[in-house]
Amino acid sequence: MAGIAIKIAPLGVERGDVDWLADSLKSIFNSTVVVEPKLLSMSVLLDFYDEERDQIDAEGLLEKLQSTVGVVPQQRLLVLVNGDGFVEGLNFVFGVSKPGWGGVVFTERLRPEYYGQQPSIALYRMRLLKESLHELGHSFGLPHCQRRCVMRFSNSIYDVDAKPAAFCSSCAAALNRMTPGLLRIP
Ligand SMILES: [Zn+2]
Ligand SMILES: [Zn+2]
């Protein structure tokens with residue numbers, strides 16, 4: 001174990017999907033992964049909901065969460081929000097993160113139904129895993145990456161689908177330099 005704990009706090013995301021994600025993260029990270037369904041309540045979102053945009057202010061929420069939960073050095077928090085997030089200057093974001101703290105992933109645009117396609121739990125979960133790995137990667141100190149890598153920036157759902165649910169060899173090496181033993185397969 002790398003001595004790191006990943007905590008997952010779902011807000012409106014289905015437990016079956018959250019448990020699947022937790023198991024997937026456990027197979028990638030050599031850390032404890034725990035689901036904390038009661039850590040946060042939906043009401044935390046209220047102050048950051050922009051009625052006109054029908055979206056959540058991702059940066060505002062991130063700051064609020066950081067001040068509420070605090071920074072625990074050996075812990076990364078992954079907040080899963082069943083909603084749509086934005087940051088100033090972008091139409092939407094799949095997620096946001098803070099190095100050393102954790103990240104937030106917004107799930108609304110990860111569903112095939114959002115694009116008028118047939119529902120697919122498998123596809124939805126794979127996208128959830130990719131964006132969770134991406135934000136966790138940032139939280140462990142990784143920047144964006146141009147390779148075939150989960151740290152590639154995603155501008156659209158096509159970008160999400162095109163990238164693998166894995167760190168490239170150079171990001172994996174960087175992760176293991178910053179947090180030795182973090183990845184199960186270095
Ligand atoms: Zn990113
Ligand atoms: Zn990479």
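## An exposed loop residue

D54 is exposed, as 10 other C-beta atoms lie within 10 Å. The cut-off for an exposed residue is 12 or fewer. This is a predicted model.

D54 sits in the loop between β3 (49-50) and β4 (55-57). Its backbone stands out: phi of D54 is near 55 degrees, a positive value in a residue other than glycine. Most residues other than glycine have a negative phi.

## An exposed helix residue

Helix α4 covers residues 157-162, and D161 is part of that helix. D161 has 12 C-beta neighbours inside 10 Å, so D161 counts as exposed.

A distance places D161 relative to another part of the chain. D161 and L45 are 116 residues apart along the chain. Their C-alpha atoms are separated by 28 Å.

## Overall fold

The protein contains five helices and eight strands. In sequence order, the pattern reads β-α-β-β-β-α-β-β-β-β-α-α-α. The radius of gyration is 15 Å, close to the 16 Å from the globule rule for 186 residues, so the protein is as compact as a globular protein of that length.

Along the principal axes, the C-alpha atoms fill a box of roughly 45 × 35 × 35 Å.

## Burial and contacts

Of the 186 residues in the protein, 35% are buried. Contacts were also counted by sequence separation. Among contacts with a separation of 6 or more, 62% come from residues 24 or more positions apart.

Key
Residues numbered from 1 in each chain as written. Chains lettered and ligands numbered in written order. Predicted model: local features only at pLDDT ≥ 70, side-chain atom pairs only at ≥ 80, totals over all residues. Helix = DSSP H or I, 4+ residues; strand = E, 2+ residues; numbered from the N terminus. Buried ≥ 20, exposed ≤ 12 C-beta atoms within 10 Å, placed from the backbone. Rg over C-alpha atoms; globule rule 2.2 N^0.38 Å. Contact = placed C-beta atoms within 7 Å.
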